[in-house]
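Please work through the exercises below with the sequence and the structure at hand. Each task is followed by a worked solution.

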Amino acid sequence: MSIHDEIQELIPAYVLDGVDDAGRKLVERHLPQCDVCTGVLASYRPIADLLPFAATPVEPPADLKYRVLAAALPKVQPRPVGAPGLIDSVFAGLSNLLRSPRLARSPYSSSSRWVCGTSLCRIR
Amino acid sequence: MDNSVLADEEIIVRLRNGESWAMAVLYDRYARLVFSLALRILNDRGAAEETVQEVFVKVWKRSREFDAKRGKFSSWLTGIAHNHAIDEMRRRRVRPSASENDDDVMDAVQDEGPAPLDLALQSLERRRIVDALKAIPADQRRAIEMAYFEGLTQQEISDKLAQPLGTVKTRMRLGMQKLKTLLEERTT
């Protein structure tokens, strides 16, 4: 069996992350120097790209969006409850964030008030 | 202009430019996919929520690493999500799920309802892969799902199923070959 045969036998499992470390290293050492095996790998990639869609669709909780944006964007902070007169322009900066019907419906309750900072949601 | 109609690649450019609305658009577009994948792998809603958070933080921090010439954004994103969820599953050693008949998961499933364009496109992708998976023999499908959703190597699958390693390798290889053919046929 040639090295190409060996690699091409491993590739279907490799794209699924189903080979052990030795097999993975073997594939990854070989691919940069072999266009044929790289082409075979590319032909299996669409399967790995589609497999996530096979998971049964489940809606995440509505408040997760706030947590994700707060974690990802430094300027998104919890809005202090009862903060005096936050100006309309600050809320205007939220308009894009609030496009989603899910977010628009989301609780502007006391426990989940978030607002962008003064730079109107520019990431720093 | 409605930013939600922009292509993923354009949104990533905006994200790199520091426009935070881009993150919200990507979240709206893909949070359900990432959450569903993480839940399938981890079988734990709390862990799946943490995965979503970690994945989108990574997208924000690593947005400059995305190269549209190397593939679609959704592939890059789900690759990050898959790696993170599998690592987390191994760390937590929660019981693997990977079964659509799992009561815990099925209880949480909500109706998809009328879908906007993004959800409709994702539904089409789901239909393609689900139909293809259904069309291959069950033992081949099981080997593929155990590798992808349970993070098991061929040797680990062999041990778990008490089947020879060669049998597992053959099932996985044949199943993947058939999936490839089926998906190519349905693309053309």
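Predicted model: local features only at pLDDT ≥ 70, side-chain atom pairs only at ≥ 80, totals over all residues.

**Exercise 1.** Determine which secondary structure elements chain B has and how many of its residues are buried, as a percentage.

*Solution.* Begin with the element count: chain B has nine helices and zero strands. Along the sequence, the pattern accordingly reads α-α-α-α-α-α-α-α-α. Next, consider burial, where a residue is buried if 20 or more other C-beta atoms lie within 10 Å of its own. Of the 188 residues in chain B, 41% are buried. Finally, among contacts in chain B with a separation of 6 or more, 67% join residues 24 or more positions apart.

**Exercise 2.** Describe the side of domain 1 of chain B that touches domain 2 of chain B.

*Solution.* Second, count the contact: nine residues of domain 1 meet seven residues of domain 2. Third, assign elements: helix 2 (21–42) and helix 4 (73–92) of chain B each give two or more residues to the domain 1 side, and helix 2 gives the most, with four residues. Last, classify the residues on this side: six are nonpolar, none is polar and three are charged.

**Exercise 3.** Identify which helix provides the largest share of the side of chain A that touches chain B.

*Solution.* Start with the totals: 40 residues of chain A and 55 residues of chain B take part in the contact. On the chain A side, helix 1 (3–15), helix 3 (35–50) and helix 4 (64–72) give two or more residues. Helix 4 of chain A supplies the largest share, seven residues. By class, the chain A side holds 26 nonpolar, five polar and nine charged residues.

Notes:
Residues numbered from 1 in each chain as written. Chains lettered and ligands numbered in written order. Contact = placed C-beta atoms within 7 Å. Nonpolar A, V, L, I, M, F, W, Y, C, P; charged D, E, K, R; others polar. Buried ≥ 20, exposed ≤ 12 C-beta atoms within 10 Å, placed from the backbone.
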